[in-house]
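Please read the points in order.

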Amino acid sequence: MARGTITAHSLMSLEARGILFVSPGLDSYDGMIIGEHSRETDLDLNPVKAKELTNIRSAGKDENVKLSPPRLMTLEEAIGYVASDELIEVTPKTIRLRKRCLDVNKRKSQSKRAKD
């Protein structure tokens, strides 16, 4: 849903929703698939949300972020996993999944048309 560098703070809250395919520090873009939701539906998320920093200190407020390792896929696993509205990006360093239509609003309007 957003373009930028993926942060550990945002992945910490997203990890409870399913299995992650990315780790902190990677560049993200609209339409990139960052994980598998525990339910059948797709979620549009913001993995680049940073922690808000304030000048006020509080005891126990800072949390150490501990994430489980991401699920890395081979090309064969990605081909078996990809859905009809998704594509596989293969670069020399990574194999990523992404949506066919990168814009969130266009994807929602296409899914509504498909239901009708």
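1. Where is lysine 49 found? Lysine 49 lies in the loop between β4 (35–37) and α2 (75–81); helices (H or I, at least four residues) and strands (E, at least two) are DSSP runs, numbered from the N terminus. This is a predicted model, in which local features need pLDDT of at least 70, side-chain atom pairs count only at pLDDT 80 or more, and totals for chains, interfaces and linings use all residues. Residues are numbered from 1 along each chain as its sequence is written, and side-chain values use heavy atoms, with hydrogens and water left out.

2. Lysine 49 counts as partly exposed because its relative accessibility is 43% (buried is under 20% relative accessible area, exposed over 50%, partly exposed in between; 1.4 Å probe, protein chains only). Leaving aside residues up to four places away in sequence, lysine 49 touches Thr7, His9 and Ser10 (contact: heavy atoms within 4.5 Å). Its C-alpha atom is 9.2 Å from that of glycine 4, 45 residues apart along the chain.

3. Lysine 99 belongs to strand β6 (residues 95–99). At 7% relative accessibility, lysine 99 counts as buried. Its side chain makes a polar contact of 3.0 Å with the side chain of aspartate 85 (a pair of N or O atoms within 3.5 Å; within protein, one must be able to donate a hydrogen and the other to accept it, and residues adjacent in sequence count only if both atoms are side-chain atoms). Beyond four places in sequence, the residues touched by lysine 99 include Asp42, Glu86 and Arg107.
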